[in-house]
Amino acid sequence: MNDFKTIINSIGLILNIVGVYVVYVYSPINIDEIDGGDASTDYDQLARETHRRNRLLRLGVYIVIGGSVLQLASNFISSK
C-alpha cells in the first residue's frame, strides 16, 4: 500500500510541474502593450488571443490545484 501512496504523491507533483509550466507559458497579456494601435491593428484578433491565453492560464491553475490536492491526499492514505 505504501507504493500507492508514493504513486499518488508523484502524480500530484507531476501535475504541479505541468500546471506551473502552463501558467508560465500562457501568462496573461496586456492588450494595450501588444501593438501601438495603428490602422492595421486587429483588436478583435488580439481580444480572441487574450481570451484563449487566459483560458489556458486558468486551466494551468486548476492543474496546480489538482496536483496539490493529490499530494495532500497522499498524506492521509494509510501505509500498512
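Student: Is Asn16 buried or exposed, and at what relative accessibility?
Tutor: This is a predicted model, and Asn16 is found in helix 1, residues 2–25. Buried means under 20% relative accessible area. Asn16 falls under that cut-off and therefore counts as buried, at 14%.

Student: Which residues is Asn16 in contact with, leaving aside its neighbours within four places in sequence?
Tutor: Contact means heavy atoms within 4.5 Å. With neighbours within four places left aside, the list for Asn16 is Ile63, Val64, Gly67, Ser68 and Gln71.

Student: Why does Gly19 count as buried, and what is its relative accessible area?
Tutor: Gly19 lies in helix 1. Leaving aside neighbours within four places in sequence, it is in contact with Gly60, Ile63 and Val64. The C-alpha atoms of Gly19 and Leu59 are 7.8 Å apart, although 40 residues separate the two in sequence. Gly19 counts as buried because its relative accessible area is 0%.

Student: What share of the contacts with a separation of 6 or more comes from residues 24 or more positions apart?
Tutor: The chain has two helices and zero strands. Among its contacts with a separation of 6 or more, the share from residues 24 or more positions apart is 84%.

Student: Which residues of helix 2 are buried?
Tutor: For the chain as a whole, 18% of the 80 residues count as buried. In helix 2, the buried residues are Leu46, Thr50, Arg53, Leu57, Gly60, Gly67 and Ser74.

Student: Where does the side chain of Ser74 have a polar atom 2.7 Å from a backbone oxygen, and whose oxygen is that?
Tutor: Ser74 is placed in helix 2 and counts as buried because its relative accessibility is 1%. Not counting residues up to four places away in sequence, Ser74 touches Lys5, Ile8 and Asn9. The backbone oxygen 2.7 Å from a polar atom of its side chain belongs to Gln71.

Student: How many salt bridges does a search of the whole structure find, and which side chains meet?
Tutor: Side chains of opposite charge can pair when their charged atoms come close. The search of the whole structure finds one salt bridge.

Student: How far apart in space are Arg55 and Tyr26, C-alpha to C-alpha?
Tutor: Arg55 is in helix 2 and is partly exposed because its relative accessibility is 45%. Arg55 and Tyr26 are 29 residues apart in sequence, and their C-alpha distance is 8.7 Å.

Student: Which residues form a nonpolar patch on the surface?
Tutor: The accessible surface of the chain comes to about 5900 Å², with 61% of it belonging to carbon and sulfur atoms. The patch has about 380 Å² of accessible area together, and its members are Val61, Tyr62, Ile65 and Val69.

Conventions. Residues are numbered from 1 along each chain as its sequence is written. This is a predicted model: local features need pLDDT of at least 70, side-chain atom pairs count only at pLDDT 80 or more; totals for chains, interfaces and linings use all residues. Side-chain values use heavy atoms; hydrogens and water are left out. Helices (H or I, at least four residues) and strands (E, at least two) are DSSP runs, numbered from the N terminus. Buried means under 20% relative accessible area, exposed over 50%, partly exposed in between (1.4 Å probe, protein chains only). Accessible areas come from the Shrake-Rupley method with a 1.4 Å probe; for residues, only the protein chains shown count as cover. A salt bridge is a side-chain nitrogen of Lys or Arg within 4 Å of a carboxyl oxygen of Asp or Glu. A polar contact is a pair of N or O atoms within 3.5 Å; within protein, one must be able to donate a hydrogen and the other to accept it, and residues adjacent in sequence count only if both atoms are side-chain atoms. Patches are made of residues with over 30% relative accessible area and no salt bridge: like charges are joined within 9 Å, nonpolar side chains (Val, Leu, Ile, Met, Phe, Trp, Tyr) within 5 Å.
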